[in-house]
Amino acid sequence: MTVLAALVTGLGIGLAGCGQQPPVSHIQPGGQADAASQADPAARWADGYCAAVTHLVRTLSALPTIDPSSPAQASRTSSRLLSSVVDGIDQTVAGLDDVGPPPVPGADKARTDLLNRFSAVRQRADSTRERLDTATDAAATKAALGDAKASLDDVAKLDVLEVLNATPELSAAGKRAPGCQQLVVPPAPR
């Protein structure tokens, strides 16, 4: 149960900065995209990038809860939680594939690095989910729950804005892209 408490605590800390507002549509009446973003390829790309990573942020902000009433229930609900994480990463990667490489020189390496991290985190979460689903004794369940916490820690360490911050041009484009504004959480007052 200590491992489970750490898992839930770690998840809560990881999600603290992911408060999301409802998505804002950038399509005007008649189906026309914002004219400014059409004339600004970097801002249009940044908007698509932010829409893609928003899948993961929304998934993380709406994860199923873990039921610690018994080790078996904790294992089942943790498995569902990890399955949601895997689905969120899959949707995000698909969205990033649709957006394609950034239109700014030097930013594609940051995108590739982030996609590689998404892949590694997804693989670990899915592997841990499988271990939770097949654990047959208390020791295996406890070990898998510890790995679930580590998987969630990996997710919490992902910086979804990393690619936008890779170059000054994309950072500026992200500030012009309406879809990116919902990913930026203002710093807490001191």
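User: Is the crossing of H4 and H5 left-handed or right-handed?

Analyst: In this predicted model, the crossing of H4 and H5 is left-handed. The contact of H4 with H5 contains, by class, 11 nonpolar, six polar and seven charged residues.

User: What makes H4 and H5 roughly parallel or roughly antiparallel to each other?

Analyst: Two packed helices are described by the angle between their axes and the distance between the axes. Here the axes of helix H4, residues 71–99, and of H5 come within 9 Å and cross at roughly 155°. Angles over 145 degrees count as roughly antiparallel, and H4 and H5 are therefore roughly antiparallel to each other.

User: Where do these helices belong in the chain, and what pattern does the chain follow?

Analyst: The chain has seven helices and two strands, and, read along the sequence, they follow the pattern α-β-β-α-α-α-α-α-α. Of the 190 residues of the chain, 39% count as buried. Among contacts between residues at least 6 apart in sequence, 74% join residues at least 24 apart.

User: Why is the pair Arg 176 and Asp 40 called a salt bridge, and which parts does the pair tie together?

Analyst: The side chains of Arg 176 and Asp 40 meet at 2.6 Å, N to O, and the cut-off for a salt bridge is within 4 Å, so the pair qualifies. Arg 176 lies in helix H7 (residues 168–176) and Asp 40 in the loop between helix H2 (35–38) and helix H3 (41–61), so the pair ties together parts that are 136 residues apart in sequence.

User: Which other salt bridges involve helix H5, and how many are counted in total?

Analyst: One of them joins the side chains of Asp 154 and Arg 124 at 3.0 Å, N to O. Asp 154 lies in helix H6 (residues 138–157) and Arg 124 in helix H5, so the pair ties together parts that are 30 residues apart in sequence. Arg 124 is partly exposed, with a relative accessible area of 31%. A network of salt bridges also links Asp 90, Arg 122, Asp 126, Arg 129, Glu 130 and Asp 133, and the count comes to 12 salt bridges.

User: What makes Ala 42 buried, and which residues is it in contact with beyond its sequence neighbours?

Analyst: Ala 42 is found in helix H3; its relative accessible area is 13%, and buried means under 20%, so Ala 42 is buried. Leaving aside neighbours within four places in sequence, Ala 42 is in contact with Pro 103, Val 104, Ala 173 and Arg 176. The C-alpha atoms of Ala 42 and Gly 174, 132 residues apart along the chain, are separated by 8.2 Å.

Key. Residues are numbered from 1 along each chain as its sequence is written. This is a predicted model: local features need pLDDT of at least 70, side-chain atom pairs count only at pLDDT 80 or more; totals for chains, interfaces and linings use all residues. Side-chain values use heavy atoms; hydrogens and water are left out. Helices (H or I, at least four residues) and strands (E, at least two) are DSSP runs, numbered from the N terminus. Buried means under 20% relative accessible area, exposed over 50%, partly exposed in between (1.4 Å probe, protein chains only). Axes are lines fitted to C-alpha atoms, for helices over the stretch in contact, and angles run from 0 to 180 degrees between N-to-C directions. Angles under 35 degrees count as roughly parallel, over 145 as roughly antiparallel, 65 to 115 as roughly perpendicular and the rest as oblique. A crossing is left-handed if the near helix is turned anticlockwise from the far one by less than a right angle, and right-handed if clockwise. Ala, Val, Leu, Ile, Met, Phe, Trp, Tyr, Cys and Pro count as nonpolar, Asp, Glu, Lys and Arg as charged, and the others, Gly among them, as polar. Contact means heavy atoms within 4.5 Å.
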